[in-house]
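Keep the structure open while reading.

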Amino acid sequence: MAETTGGVGAGTRSGVITLLTDFGLDDGYVAAVKGVIASLAPDARVIDVCHRIPAHDVRRGGIVWASAVPYFPPGTVHVAVVDPGVGTARRILAVEARGSIFLAPDNGIIGHVASRREIRSSVEVRAKKYFLPRVSATFHGRDVFAPVAARLASGLAVEALGPPRRPTSWDALPSPRRRTVARGGRRVVEDRGEIVLTDGFGNAVTNLRPPEGRRLESLVAGGLTLRGLHRAYGEAPEGAPLVLVGSTGHVEIAVNRGRASEALQLRVGDRVTATWA
Amino acid sequence: MAETTGGVGAGTRSGVITLLTDFGLDDGYVAAVKGVIASLAPDARVIDVCHRIPAHDVRRGGIVWASAVPYFPPGTVHVAVVDPGVGTARRILAVEARGSIFLAPDNGIIGHVASRREIRSSVEVRAKKYFLPRVSATFHGRDVFAPVAARLASGLAVEALGPPRRPTSWDALPSPRRRTVARGGRRVVEDRGEIVLTDGFGNAVTNLRPPEGRRLESLVAGGLTLRGLHRAYGEAPEGAPLVLVGSTGHVEIAVNRGRASEALQLRVGDRVTATWA
Amino acid sequence: MAETTGGVGAGTRSGVITLLTDFGLDDGYVAAVKGVIASLAPDARVIDVCHRIPAHDVRRGGIVWASAVPYFPPGTVHVAVVDPGVGTARRILAVEARGSIFLAPDNGIIGHVASRREIRSSVEVRAKKYFLPRVSATFHGRDVFAPVAARLASGLAVEALGPPRRPTSWDALPSPRRRTVARGGRRVVEDRGEIVLTDGFGNAVTNLRPPEGRRLESLVAGGLTLRGLHRAYGEAPEGAPLVLVGSTGHVEIAVNRGRASEALQLRVGDRVTATWA
C-alpha cells in the first residue's frame, strides 16, 4: 500500500506508542485515549511517559519528554498532548526524526526532542479519514492524536497524514552564556544559565553542561555558593547540598536524602553561575 | 464448554480489562489486582481507567467511568471497584450491556455506563470456584474482582458466575429540568441543572446538554452570568471564563488557561441555569 | 547457552517485570526505565507496583512490595529501586527466592519479600555487559536495573550477573512482643507492636497478626481503646473506628468511610497493645 511506504516504514515500527500529557490522573481522559488506541491498534503497546505535566506547561512537558524518549526503541510513536490551543487554529504535526515519529501540537514542544536538521519528514496532520468520525473541539487527544497514533504504530506513513509543514514554533532550553575570564592570573570558564526544572526528588536541574576537561570551582545559585562537583547524591553528608551532573547530562543541585528545591529555595528561572577551572 | 457459551461469547472478547478504583497510587493494592490477573489470564491486557477516585465516591467514579468506557473495543471487561460495602452483604454484579461486560458492586455505579434497557444479562457473582482460594473480607478487588475479570476476559460467560440478578441500586446524574418560557416576547428554553464534576483542569462540568438548533443566551452559576457558547477553550481571552460543550457532550464552565473551579469558586452541587434562545 | 541455565530457568520466566520505585509520577524517570526494557525485551510485560514510595523510604517500599509480590505469577522479575545510595559503593543484588527473581539495592528491602532461608541464589550484579553502555552515577534504575531486568525476563540466569553474595542488610517489620498474662483470673495474650504503615484510605496497619483461636478483647493505640474485631469496614457505623485484620493479614485500625490516620491521629511508629482473650 503506497501510504505505508516512505520514511520510517511500517517494517521499522516498534509497535510502541508513548503518551505524554497534562491530563492528570484524576479523570478518565488518558483512558479514553488508550481505549481508542486499543480499538484501532490492538497489538500496539502503550507506555505512559507522564500525565502530570502542569496544565499547558510546554516547557516542562518538553524537558520530561526529552528525558525519556531516547531510551525507547527506534520506530516508536511518541505522542505529546500539552495543548492549550486545542480546537483553535493551531496545527498538529507528525514529525519523523531520529528514527522515530513524534506527534504533537505545533507549540514548540517538538524542539525538545529533535533539532531542526534531524527532522527527516514533517507534515501537518489533516487527513480526517484517520480521525474519529466525530471530532470534538475540546479533546483532540482522544479524537485526533489517539487514532492517528494507532495508525502510525500500525505502519501508516507520516506523509499520508497531510501536507509537508515544518514546525513554526520551537521551544528549547534557554542557551547558557559561556565566557572565558581571567581570575587571579588563571583563565577560567564561566557559564551563566538558569534552573529549568525541579524534579520529583526536589533536585534543581539547570541548563548547564560541564565543559570537558575542567573541574567545577564553584556554582552560585541564589545566595548560595557550592564548591566542587560530586558524582553521586550519597557522596555528600546527609542533608548537605551538592552539585553533580544528573541523568540527562545537565548540572543539577541536590541535597543528599533531602529536597534541594525546598531546602535551598530554588525555583525554575533562578539564575546560576558556574565557574570551571 | 457450556459455560463459555451464551451472551457475549468468548469469541467476541477483546482481551482487554479496564480498571477503575478508589485505591489510589500510593499502595500496592492496584498491583495485587494486576498480579492476580497476570497469573490467571497472562494474555489479557489491563488498562487503567483511574485509581484516584476519592474513596467511596460512587458518583465521581461513575462519571469518570462513563467518560472512558465508550472508547474501548467491544468485548472489553470493565471493572469498577469503588466499594465502601466490601465484605458486607452487598452484592457484586456482572452485567452484559452494549457489547461489553461490567463487573462492579451493586452500589449504583453501573447506572453510569448502561441504561436499564441496555442490559442484556445481569448476574450476581457468587461462584466461589472463580475466586481466589482464600477470600478476605477487606479486599475483594484482589480476591474476587480480579480472578473473575481474568476468567471473563478469557471467555467465561457471565451466566456462569451466578444467578440472574438485576442491579438494585442505580446511580445516575441528576436530571436537569427543562421548560420553555416567554421572555421579552420570545420563547426560550430554560434548563436548570447543577455542576456534577470538576475535572483535573478545573473545568466545571454540568449535567446539561445543549438542545439542538438553539444558541446559548446565558448561563448563570453562583453569582456569575456567562454569555454565549464557545467551541474551544482558546477562543476566550487568557484568564477569561467561558462556556462550552465538553468532550462528553455536557455543558461546562472553563477558564482559558486557568482553573474555573478555583477562579470562579464553583463546586459540585452548585446550581446552574442555562437559557437557550 | 550456559548463562541461561541453572536456577529459575528461562523456561520458567513469566515474562512479567514489576517495578517499585520512589521516582514519583511527575517526571520521565519511570518511562526511561520502561523504554530501556521495551528496547531490550520487547515481549516483556511491565507492571507498575508503585512509584510513589516516599523518597528513600525503604521500609514503606518494602511493605508495599510485600503486599503485591505474592500475587504475581512464578518466574516474575520484581524490581525495586528505592536507592538513596545510588552511585556509591552500595551493591545491587539479584536474588532468586520463592520461584521468582528480585532485583534491588542491598539496602534491606529484600527482607520484606523473602526470608533468609527462602533464598535459593543471590548474586551481586556486576556484569557490565548487561548494563547500558554508559552508566551514570545518578540513575541506575535506567542504566543498570532496567537492562538487567530485561535480560532476566528473557531468561538470563541470576548466576550470570555476578559473584554469589547474600544480602548484608535486612529490613523487616519490627517484631511484636507477645506474652501471656493473668487478668481477672483468666490468662490472656498481650501483643505489643506498632503502626507500620498508613495506607491511601487512611487505614493504620500494625505489625500484629491475630493469634489463632482467640478473640480480640481490646486494642489500645494512642489514648484510644477499641473493643472487638470486625470482619469488614462496613460493619461499624459510618464514621466509627474499628479494628480488623486487613488484606495482608495484619491487624489494622480503620474508620468506616473515614480516614483513621487523621480522625484518630495515628502515625507510623505509634505503639499499639492488643489483648486477646
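Chain C can be laid on chain A with an RMSD of 0.0 Å, by a turn of 120° and a shift of 0.0 Å along the axis. The two copies are thus related as by a three-fold rotation axis. They use different surfaces: 4% of the contact residues of chain C recur in chain A. The model is predicted.

**Interface of chain C and chain A**

- Here 27 residues of chain C are in contact with 28 residues of chain A.
- Chain C and chain A bury about 2400 Å² between them, and carbon and sulfur atoms account for 57% of it.
- C:Asp26, C:Asp27 and C:Thr138 supply 22% of the area that chain C buries against chain A, more than any other three residues.
- The interface of chain C and chain A holds 2 salt bridges.
- One salt bridge pairs A:Arg60 with C:Asp27, with the closest N and O atoms 3.0 Å apart.
- Helix α1 (residues 29–40) of chain C gives the largest share of the side that touches chain A, with 8 residues.
- That side of chain C divides into 15 nonpolar, 7 polar and 5 charged residues.
- Between chain C and chain A, 12 residue pairs are in polar contact, both residues being at pLDDT 80 or more.

**Interface of chain B and chain C**

- On chain B, 28 residues are in contact with 28 residues of chain C.
- The area buried between chain B and chain C is about 2400 Å², and 57% of it comes from carbon and sulfur atoms.
- B:Asp26, B:Asp27 and B:Thr138 give 22% of the area that chain B buries against chain C, more than any other three residues.
- Polar contacts between chain B and chain C count 12 residue pairs, both residues being at pLDDT 80 or more.
- Helix α1 (residues 29–40) of chain B provides 8 residues, the largest share of the side that touches chain C.
- The chain B side that touches chain C has 15 nonpolar, 7 polar and 6 charged residues.

**Salt bridge between chain B and chain C**

- Side chains of opposite charge can pair when their charged atoms come close.
- Across the interface of chain B and chain C there are 2 salt bridges.
- One of them is between B:Asp27 and C:Arg60, whose closest N and O atoms lie 3.0 Å apart.
- B:Asp27 and C:Arg60 are both buried.
- B:Asp27 sits in the loop between β1 (16–21) and α1 of chain B, and C:Arg60 in helix α2 (residues 58–68) of chain C, so the pair joins two chains.

**Salt bridges within chains**

- Over all chains, the whole structure contains 51 salt bridges.
- In chain C, C:Arg59 bridges to C:Asp171, with the closest N and O atoms 3.0 Å apart.
- This pair links distant parts of the chain, 112 residues apart: C:Arg59 is in helix α2, and C:Asp171 is in the loop between α3 (140–153) and β7 (177–183).
- C:Arg59 is partly exposed at 29% relative accessibility, whereas C:Asp171 is buried at 17%.
- In chain A, salt bridges that share partners join A:Arg179, A:Arg183, A:Glu190 and A:Arg192 into one network.
- Within it, A:Arg183 pairs with A:Glu190, the closest N and O atoms being 3.3 Å apart.
- A:Arg183 is partly exposed at 34% relative accessibility, while A:Glu190 is buried, with a relative accessible area of 5%.

Methods. Residues numbered from 1 in each chain as written. Chains lettered and ligands numbered in written order. Predicted model: local features only at pLDDT ≥ 70, side-chain atom pairs only at ≥ 80, totals over all residues. Heavy atoms only, no water. Contact = heavy atoms within 4.5 Å. Buried area = accessible area lost by both parts, 1.4 Å probe. Salt bridge = Lys/Arg side-chain N within 4 Å of Asp/Glu carboxyl O. Polar contact = N/O pair within 3.5 Å; in protein donor to acceptor, adjacent residues only side chain to side chain. Helix = DSSP H or I, 4+ residues; strand = E, 2+ residues; numbered from the N terminus. Nonpolar A, V, L, I, M, F, W, Y, C, P; charged D, E, K, R; others polar. Buried < 20%, exposed > 50% of the residue type's maximum accessible area, 1.4 Å probe, protein only. Least-squares fit on C-alpha atoms with pLDDT ≥ 70 in both.
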